[in-house]
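Keep the structure open as you read.

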Amino acid sequence: MSGNYIPSHYLPVISILAFSVLVGLGALIAGLLVRPRRPYEQKLAPYESGNLPVGEPRYRFSVKFYIVAMLFVVFDVEAVFLYPWAVAYDRLGLFGFVEMMIFIVILLVGYVYAWKKGALTWE
Amino acid sequence: MFETINMKILLPELILICTGLAVILLDLVLRKKETVAFIGVAGALLSAYYNFSLMSLGWSGAVFQNMFVLDGYSSFFKLIFYISLIITIFISLNYIKTERVSSGEYYSLLLFSASGMMIMAGAADFMVLYLGIELMSLSLYILAGIMRERRTSNEAAIKYFFLGAFSSAFLLFGISLTYGLTGTTSIIEVAEALNRLGPAGRNITLIAVIFFVTAFGFKVALVPFHMWAPDVYEGAPTSVTAFMSTGPKAAAFAVMGRVLFYAFGALQLQWSAIIEPLSIVTIAVGSILALSQTNIKRMLAYSAIAHAGYASIGFLPGTQEAFAAMINYLMIYIIVNLGAFAVVVIMRREGIMGEELSDYSGLAKKNPLVAFLMLIFMFSLTGIPPLAGFIGKFYIFMGAVEAGYTKLVIAAVIFSAVSAFFYLRVVVYMYMKEAAEPSVLIVPHSVKLVLAFTSIMAILLGIFPSVLLDFARASLLG
């Protein structure tokens with residue numbers, strides 16, 4: 001155990017980290033110094049695509065939305081994995097087919113569970 | 001090129017996890033909800049059968065580049081987990097119907113949590129150990145909050161989750177420090193590396209040991225890290241509290257023993273010096289704060305804290321003999337504690353919480369047998385002679401006295417006498433107070449079975465103390 005290990009090959013990582021922090025902060029500070037500041041009420045209001053804002057933005061959503069969002073993420077990721085598999089299917093052969101079927105069956109079981117538990121019914 | 005993986009060794013864990021998965025799915029199709037509970041029990045029994053038949057066939061050994069082992073040590077702890085799991089399922093059968101908890105998730109989370117504990121007990125590598133702890137804890141966080149409509153249950157889950165996350169962070173920091181100093185996460189290799197390191201290197205490793213003790217201290221609720229225990233134990237469903245105060249506590253002791261003895265054995269004097277004040281303060285705080293509790297779950301929570309203190313005395317001498325006394329103590333404690341919780345569970349009826357001490361007034365009038373069994377459990381938890389609890393404490397104290405911890409043992413015995421006050425107060429309520437409206441308890445058959453098993457064990461292990469202790473000794477050797 002020598003106590004003077006210096007991870008020198010991580011130097012590029014550290015320098016790109018420092019550089020990106022510098023660029024990000026630099027742009028913000030430069031903007032702050034250069035831009036004109038003339039605030040008035042309409043300008044400070046949150047931008048709602050031209051509509052007048054109504055009420056507080058942070059009110060409680062029904063938990064149903066979160067369930068739908070979670071299910072969406074799961075099956076969206078499934079689709080993301082299916083695309084490259086479909087493109088490279090001719091080279092993966094039977095092994096790839098079986099692997100993907102196992103993956104789909106696992107997600108299908110989850111789907112059946114969500115369905116039976118009533119996560120897909122809105123009321 | 002590839003190590004041929006001997007999956008046989010993983011079979012007990014795999015069976016339990018597959019049972020958990022099957023339970024959550026079968027719950028969707030089965031009409032009778034008790035069936036899934038019995039599938040869970042069957043899975044646990046099958047897993048236990050494989051575990052002990054593998055042991056008796058001499059199939060013990062290590063898999064995955066020595067990351068996971070099956071040995072006598074892990075088997076003894078697994079026996080504790082099986083008992084804890086099966087008894088918890090039995091006492092849950094009617095209770096979760098009263099509380100209207102959905103059964104599939106409940107039982108499968110119990111099974112997952114138990115398999116997490118088994119992975120902890122068999123872990124021979126810090127990463128596997130961490131995964132086991134997380135599998136156990138994540139299941140428990142959900143179980144603590146499974147009564148979604150009850151505020152106290154939600155509070156319990158949140159508190160448990162936050163403090164559990166803290167303790168995981170401490171554990172990971174300890175692991176990373178150890179890795180930095182020794183270049184390995186394998187428990188055996190850490191021990192070898194410590195022998196190579198000079199005294200200076202070992203002293204730095206002590207910082208990592210402090211982090212480990214802190215993390216495990218959270219899990220077993222040693223005193224400066226015990227704050228979560230009373231609130232969580234009180235808020236969680238009673239059957240889950242019964243489970244939490246037994247299985248996971250033993251599992252935390254299992255990894256604590258594995259890490260301290262097998263990885264940091266070279267630092268035994270140092271870690272004994274760390275645990276010594278913790279154990280006595282734990283006993284003192286647990287015993288004294290239990291005195292003022294009127295809620296029986298809260299009282300049993302402080303009692304569980306005190307018992308963790310007694311058990312941790314078993315670490316101090318650093319000998320195999322003292323450690324055998326400790327695991328012997330843990331086995332006795334979990335059986336008796338589960339018995340006591342079985343009584344608390346049947347006190348909960350439709351419309352009656354049954355958690356206050358005053359609910360026990362006059363219990364002996366209408367339910368003499370239940371009251372008598374509760375008396376046995378309370379006497380055993382106090383450590384009154386013919387019962388198992390006395391034997392457990394006796395061997396722990398004997399080991400500590402032989403190693404020269406006389407003052408500590410005297411203090412522990414004094415606090416043990418203090419603890420008699422709150423345990424026997426339950427008995428006083430049951431036998432010497434009049435109830436406002438005495439009612440006959442309905443005891444389901446499953447709970448009858450549990451009460452019979454735990455009370456018989458509480459008496460038998462007290463009369464034949466050497467049986468369990470010899471088994472514990474043999475487990476540590478093989």
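Let us begin with a pair of helices. In chain B of this predicted model, helix α3(B) (residues 72-98) and helix α19(B) (residues 445-463) pack at an angle of about 145 degrees, with their axes 8 Å apart. Axes here are lines fitted to C-alpha atoms, for helices over the stretch in contact, and angles run from 0 to 180 degrees between N-to-C directions. The crossing of α3(B) and α19(B) is left-handed, a term used when the near helix is turned anticlockwise from the far one by less than a right angle, whereas clockwise is called right-handed. On the α3(B) side the contact is made by Ile87(B), Phe90(B), Ile91(B) and Leu93(B), and on the α19(B) side by Ser446(B), Val447(B), Leu449(B) and Val450(B). Two residues count as being in contact if their C-beta atoms, placed from the backbone, lie within 7 Å. By class, this contact has seven nonpolar, one polar and no charged residues; Ala, Val, Leu, Ile, Met, Phe, Trp, Tyr, Cys and Pro are nonpolar, Asp, Glu, Lys and Arg charged, and the others, Gly among them, polar. Helices (H or I, at least four residues) and strands (E, at least two) are DSSP runs, numbered from the N terminus.

Residues are numbered from 1 along each chain as its sequence is written, while chains are lettered from A and ligands numbered from 1 in the order in which they are written. As this is a predicted model, local features need pLDDT of at least 70 and side-chain atom pairs count only at pLDDT 80 or more, but totals for chains, interfaces and linings use all residues.

Helix α19(B) also packs with α14(B), at an angle of about 145 degrees and with the axes 9 Å apart. That crossing is left-handed too. Among the residues that meet there are Ile332(B), Gly339(B) and Ile346(B) in α14(B) and Val447(B), Thr454(B) and Leu461(B) in α19(B). The contact of α14(B) with α19(B) divides into 13 nonpolar, three polar and no charged residues.

Leaving out residues up to four places away in sequence, Met120(B) touches Ala251(B), Ala254(B) and Val255(B), among others.

| Residue | Other C-beta atoms within 10 Å | State |
|---|---|---|
| Leu143(B) | 28 | buried |
| Ile391(B) | 25 | buried |
| Asn66(B) | 14 | partly exposed |
| Ala221(B) | 29 | buried |

Leu143(B) is in helix α5(B) (residues 126-144). Not counting residues up to four places away in sequence, Leu143(B) touches Leu109(B), Leu110(B), Ser113(B) and Val240(B). Ile391(B) lies in helix α17(B) (residues 388-402). Its C-alpha atom is 8.0 Å from that of Tyr329(B), although Ile391(B) and Tyr329(B) are 62 residues apart in sequence. Beyond neighbours within four places in sequence, Ile391(B) is in contact with Ile332(B), Leu461(B), Gly462(B) and Pro465(B).

The other two entries are of backbone interest. Most residues other than glycine have a negative phi. Phi of Asn66(B), however, is near 60 degrees, and this residue lies in the loop between β1 (61-63) and β2 (68-70) of chain B. Ala221(B) has a positive phi of about 65 degrees and is in the loop between α8 (199-220) and α9 of chain B.

Helix α9(B) (residues 228-235) is mostly covered, with seven of its eight residues buried. These buried residues pack against α5, α6 (151-182), α10 (238-244) and α13 (296-313) of chain B.

What links the two chains? Four residues of chain A are in contact with four residues of chain B. The side of chain A that touches chain B has three nonpolar, no polar and one charged residues.

Finally, confidence: pLDDT is the predictor's confidence in each residue, from 0 to 100. Chain A averages 86, with 95% of the residues at 70 or above, and chain B averages 91, with 98% scoring at least 70. For the complex, the predictor gives an ipTM of 0.70 and a pTM of 0.87.

Terms used. A residue is buried if 20 or more other C-beta atoms lie within 10 Å of its own, exposed if 12 or fewer, and partly exposed in between; C-beta atoms are placed from the backbone.
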